[in-house]
Amino acid sequence: EAQVTQNPRYLITVTGKKLTVTCSQNMNHEYMSWYRQDPGLGLRQIYYSMNVEVTDKGDVPEGYKVSRKEKRNFPLILESPSPNQTSLYFCASSGGASGYGYTFGSGTRLTVV
Amino acid sequence: AQKVTQAQTEISVVEKEDVTLDCVYETRDTTYYLFWYKQPPSGELVFLIRRNSFDEQNEISGRYSWNFQKSTSSFNFTITASQVVDSAVYFCALCPPMDTGRRALTFGSGTRLQVQP
């Protein structure tokens with residue numbers, strides 16, 4: 001089944017403790033992206049990657065890092081999480097074979113206390 | 001800059017009523033894509049439709065229909081004979097041409113639909 005898999009689904013952590021949210025897709029898509037969702041703001045793009053070793057900032061990149069060492073994986077790294085990064089995070093992938101449709105992961109609900 | 005406006009924050013209807021969710025967008029691109037997503041209480045994003053800017057045909061899928069009007073920059077979504085299972089937050093989104101680099105979806109702030117039994 002074509003899908004984007006994010007882990008974990010839920011995470012509670014403390015301020016300053018580094019964490020990684022993993023994202024993996026099995027559709028051989030070149031393009032992957034991270035979004036965060038906050039009440040009243042919809043979803044906003046954090047980072048995106050057009051292919052392996054090619055990443056760039058989205059609208060709200062501060063406090064986040066990403067890497068794209070393999071085509072299927074695009075982890076989101078919070079080096080020093082802060083309470084304002086409490087949010088619902090989505091990973092998405094997109095590729096030409098799917099008509100450039102977007103496939104989203106199930107989301108990761110992160111709480112930073 | 002791109003912008004998507006969903007002016008209806010929350011809508012409450014009774015089952016079997018028809019309901020229309022509004023979406024107005026702004027873009028300078030002549031080619032673009034519009035999307036609707038459903039987010040049920042479980043939190044995942046469910047893809048509903050993608051529409052190219054050069055295809056203004058309305059679309060119907062079961063109880064769902066979409067009215068795309070380029071002249072008014074609107075892409076409205078109608079649910080006919082609503083059901084309790086339609087209760088969710090619905091997002092409209094806009095994307096620049098797919099051959100550009102960033103390919104970011106610009107989302108509206110969402111409309112929460114409550115369908116009462």
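In this predicted model, strand β12(B) contributes four residues to the lining of the largest pocket, and this is the largest share that comes from any element. The volume of this largest pocket is about 530 Å³. A total of 26 residues line the largest pocket, and those closest to its centre are Gln37(A), Gln39(B), Val89(B), Phe91(B) and Arg112(B). Two or more residues of the lining are supplied by each of β4 and β9 of chain A, and likewise by each of β10 (88–95) and β12 (111–116) of chain B. When the residues of this lining are sorted by class, 13 are polar, nine are nonpolar and four are charged.

The interface between chain A and chain B was examined next. Here 22 residues of chain A are in contact with 19 residues of chain B. The area buried between chain A and chain B comes to about 1700 Å², and carbon and sulfur atoms give 56% of that area. With regard to specific pairs across this interface, the rule finds zero salt bridges between chain A and chain B, while the count of residue pairs in polar contact is two, both at pLDDT 80 or more. On the side of chain A that touches chain B, at least two residues are supplied by each of β4 (31–38), β5 (42–51), β9 (87–94) and β10 (102–104) of chain A. Of the elements of chain A, β5(A) gives the most to this side, with five residues. The residues of the side of chain A that touches chain B comprise eleven nonpolar, eight polar and three charged ones.

Two features of the backbone of chain A were also noted. The peptide bond that joins Asn7(A) and Pro8(A) is cis, with an omega of about -5 degrees, and Pro8(A) lies in the loop between β1 (4–7) and β2 (10–13) of chain A. The other feature concerns Glu53(A), which has a positive phi of about 65 degrees although this residue is not a glycine. Glu53(A) is placed in the loop between β5 and β6 (54–57) of chain A, and β5 is also the strand that gives five residues to the side of chain A that touches chain B.

Methods: Residues numbered from 1 in each chain as written. Chains lettered and ligands numbered in written order. Predicted model: local features only at pLDDT ≥ 70, side-chain atom pairs only at ≥ 80, totals over all residues. Heavy atoms only, no water. Contact = heavy atoms within 4.5 Å. Buried area = accessible area lost by both parts, 1.4 Å probe. Salt bridge = Lys/Arg side-chain N within 4 Å of Asp/Glu carboxyl O. Polar contact = N/O pair within 3.5 Å; in protein donor to acceptor, adjacent residues only side chain to side chain. Nonpolar A, V, L, I, M, F, W, Y, C, P; charged D, E, K, R; others polar. 1 Å grid on protein atoms, 1.4 Å probe; cavity = no way out; pocket = protein on both sides within 12 Å on 5 of 7 lines; lining within 4 Å. Points joined across faces, edges and corners; volume = space filled by probe spheres on them.
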